[in-house]
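Please examine the sequence and the three-dimensional structure shown below.

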Amino acid sequence: MASTILKADNLKKHFHTSRGIVRAADGVSFAINKRETLGLVGESGSGKSTVAYTIIGIYRATSGDLVFKDQDITKESNKRPKALKQDIQIVFQDPGSSLNPRRSIRQIMELPLLVHNIVPRNEREDKIVDLLRMVELPADYMYKHPLAIGGGERQMVAIARALATNPSFIVLDEPTSALDVSVQAKIINLLMGLQNELDLTFLFITHDLSLMRNMATRVAIMYLGKICEIASTREFFSNPLHPYTKMLLSSIPVVSVEEEKLKPDKIVSTGEIPSPVNIPPGCSFHQRCPERMEICSRLDPFTVTPEPDHQVRCLLYPGASGVPLPKIQGGV
Ligand code: SF4
């Protein structure tokens with residue numbers, strides 16, 4: 001049976017601003033099993049990066065439970081045990097800003113080895129060579145500076161740096177969105193290979209749903225701080241349930257006849273994503289939803305499980321208007 005490595009239960013992260021309360025994450029629940037990739041997908045402003053930053057401890061959760069390997073991680077990173085910080089790493093979207101341009105790649109890679117005391121001083125260089133090999137970069141790259149190499153290679157260095165502490169869980173925050181398509185494929189293949197080789201678990205944050213078809217074990221869709229659908233990847237792409245998911249799927253490119261058959265008819269979105277300071281009452285998607293009903297502007301749906309390993313938050317499905325939220329089990 002799959003073992004759960006990370007579980008979020010009714011996780012909230014609210015920000016108080018001069019414009020009002022931003023409910024960036026507003027009752028997010030999911031579980032991630034060991035060695036799987038959960039794709040957390042959403043438009044800009046959906047709250048997916050807030051969830052990521054709360055998991056790695058940049059933010060402290062406002063409320064709810066966040067448990068990693070049976071330990072509470074709702075606190076910020078600097079209040080977490082060192083071993084925990086070592087075990088959870090992140091790769092950011094833009095390696096240009098996440099790698100210090102004034103330092104050599106060797107210095108950049110040396111820092112986590114030193115801070116977490118991973119290997120003795122006389123073994124650090126061998127460890128750096130080994131980490132560079134893992135991301136398919138030559139050993140002499142350690143003498144270069146980030147600005148002297150390409151964007152894809154910088155992201156490979158960022159991945160190698162994340163691996164330096166021997167983590168079991170890595171948050172990938174849009175790791176390919178700043179890269180050319182050809183380089184994107186290389187990074188995705190690299191990540192999938194590393195996952196197999198090192199038994200890694202990934203939370204992959206992205207706005208690009210098509211990337212998740214081959215990369216993710218399960219896919220979750222976020223909209224205005226809430227997860228509106230979560231399912232195994234096969235179930236998700238073959239049987240999308242939420243109108244927002246169908247809208248996203250209808251606009252992504254497909255490469256095979258089989259995928260074309262499964263693709264929902266083109267659904268054009270009406271309107272923009274509302275401000276997270278001013279979330280509409282009822283279902284937060286109702287102003288854009290092509291299937292909205294009269295009740296949708298008044299009632300905020302509960303999450304229901306119409307199929308095994310498939311949850312959806314929409315009043316079109318039985319129980320969503322009043323049955324209590326299902327208890328989270330490993331897997332969803
Ligand atoms: Fe659309 Fe209503 Fe479902 Fe919301 S609850 S997604 S408005 S049908």
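Predicted model: local features only at pLDDT ≥ 70, side-chain atom pairs only at ≥ 80, totals over all residues.

The lining of the largest pocket is made up of 13 nonpolar, eight polar and six charged residues. The space within the pocket amounts to about 690 Å³.

**The largest pocket**

- In total, 27 residues line the largest pocket, and those nearest its centre are Q89, L111, P112, H116 and R161.
- Which element gives the most to the lining of the largest pocket? The answer is α4, which supplies seven residues.

**Cavities**

- The model holds three cavities of 30 Å³ or more.
- The largest cavity has a volume of about 90 Å³.
- The lining of the largest cavity consists of 14 residues, with P243, C283, C289, C296 and C314 lying nearest its centre.
- Sorted by class, the lining of the largest cavity comprises ten nonpolar, two polar and two charged residues.

**Helices α4 and α6**

- The crossing of α4 and α6 is right-handed.
- On the side of α4, the contact involves I105, I108, M109 and P112, while α6 contributes V157, A160 and R161.
- This contact between α4 and α6 contains six nonpolar residues, no polar residues and one charged residue.
- P112 of α4 and R161 of α6 take part in this contact, and P112 and R161 are also among the residues nearest the centre of the largest pocket.

**Helices α4 and α5**

- The axes of α4 and helix α5 (residues 124–134) come within 10 Å and cross at roughly 110°.
- The crossing of α4 and α5 is right-handed.
- From α4, the residues in contact are I105, R106, M109, E110, L113 and L114; from α5, they are R124, E125, K127, I128, L131 and L132.
- The contact of α4 with α5 has seven nonpolar, no polar and five charged residues.
- I105 and M109 of α4 belong to the contact with α5, and I105 and M109 also belong to the contact with α6.

**Helices α6 and α7**

- Helix α6 (residues 151–163) and helix α7 (residues 181–198) have axes that come within 10 Å and cross at roughly 20°.
- Because of this angle, α6 and α7 are roughly parallel to each other.
- Is the crossing of α6 and α7 left-handed or right-handed? The crossing of α6 and α7 is right-handed.
- In α6, the residues G152, Q155, M156, I159 and L163 make the contact, and they meet V183, K186, I187, L190, L191, L194 and L198 in α7.
- The contact of α6 with α7 divides into nine nonpolar, two polar and one charged residues.

Methods:
Residues numbered from 1 in each chain as written. Heavy atoms only, no water. Axes fitted to C-alpha atoms, helices over the stretch in contact; angles between N-to-C directions. Helix = DSSP H or I, 4+ residues; strand = E, 2+ residues; numbered from the N terminus. Parallel < 35°, antiparallel > 145°, perpendicular 65-115°, else oblique. Left-handed = near helix turned anticlockwise from the far one by under 90°. Contact = heavy atoms within 4.5 Å. Nonpolar A, V, L, I, M, F, W, Y, C, P; charged D, E, K, R; others polar. 1 Å grid on protein atoms, 1.4 Å probe; cavity = no way out; pocket = protein on both sides within 12 Å on 5 of 7 lines; lining within 4 Å. Points joined across faces, edges and corners; volume = space filled by probe spheres on them.
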